[in-house]
Amino acid sequence: MTLGSIFKGLCYIHVVKTYLINPLATFGPSMVPTIDSTPSVFLSEKISTRFGKVDRGDIVVLCDPQKPAHFLTKRVIGLEGDRITYSTNPETKDLVDDNFTHISYPENNDMPKTVVVPKGSVWVEGDNKYDSRDSRKFGPIPYGLIYGKIFWRIYPFQYFGPFWNK
C-alpha cells in the first residue's frame, strides 16, 4: 500500500462523511417511543437536507441552537409558512388532526401559543412531549442547523435496517 492510496482513501472517507452519509449515535428519552432511550446508532444522509428537502414527519439531526457543540434528534413538525399552535406544558396537550400540533386548556393557566414558521426554517419536536427540549423551548430552527436526516438503523442489531418515519 502506498502513501498515495492511503491519502486517496482518507479523502474518500472525508467526502462521504462530510457530504453524503454519516453514522451517528443517539440516546435519551426525547424521541421515545420511536427511538428508545438506550444508545442507538443510525445512518443519516446529508444530501436532501443540504437542499432544504425535509418534510413533516422526517426525523432529523440538528445542531443544538442553545449548545452548539451538541446535536439533537427531533421530528420535523412544521415547514416554512406553517402555523403551529403549541403548549409549553405538554401535560395539558391534545392532538389536533394529524399534524402533531398541540393545544392546552385555559383553566390550567397554560395558554396555547401560535407561531408562523419563518422562511428558511422548520419547527421540530421530540416524540416524547413530556421530556423533550425542542422548538417549543427555542423556536424555529434554520435549515442551516440541520445536520442530516436519519434513514437506517445500525444498532441495536435486532432492529437493523431501514428506518422509515413512524
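## Two cis peptide bonds

Pro 156 lies in the loop that runs between strand S11 (146–155) and strand S12 (161–162); helices (H or I, at least four residues) and strands (E, at least two) are DSSP runs numbered from the N terminus. The peptide bond joining Tyr 155 and Pro 156 is cis, with omega about 5°. Another cis peptide bond leads from Val 32 to Pro 33, where omega is near 10°. Pro 33 is placed in the loop between S1 and S2.

## Basis and confidence of the model

This is a predicted model, in which local features need pLDDT of at least 70 and side-chain atom pairs count only at pLDDT 80 or more, while totals for chains, interfaces and linings use all residues. Residues are numbered from 1 along each chain as its sequence is written, and side-chain values use heavy atoms, with hydrogens and water left out.

The average pLDDT of the chain (the predictor's confidence in each residue, from 0 to 100) is 82, and 84% of the residues score at least 70. Over residues 92–105 the pLDDT is below 50, and this stretch has 36 contacts in the model beyond near neighbours in sequence; contact means heavy atoms within 4.5 Å. Where pLDDT is low, the predicted coordinates should not be read in detail.

Lys 46 is found in the loop between strand S2 (40–45) and helix H2 (47–50). Its relative accessible area is 5%, so Lys 46 is buried; buried means under 20% relative accessible area, exposed over 50%, and partly exposed in between (1.4 Å probe, protein chains only).

Leaving aside neighbours within four places in sequence, Lys 46 is in contact with Lys 17, Thr 18, Tyr 19, Leu 20, Asn 22 and Tyr 147. Of these residues, Leu 20 is 26 residues from Lys 46 in sequence, and their C-alpha atoms are 5.2 Å apart in space.

## Cysteines

The structure holds zero disulfides, a disulfide being a pair of cysteine sulfur atoms within 2.5 Å. Cys 11 counts as partly exposed because its relative accessibility is 32%. Cys 63, at 16% relative accessibility, counts as buried.
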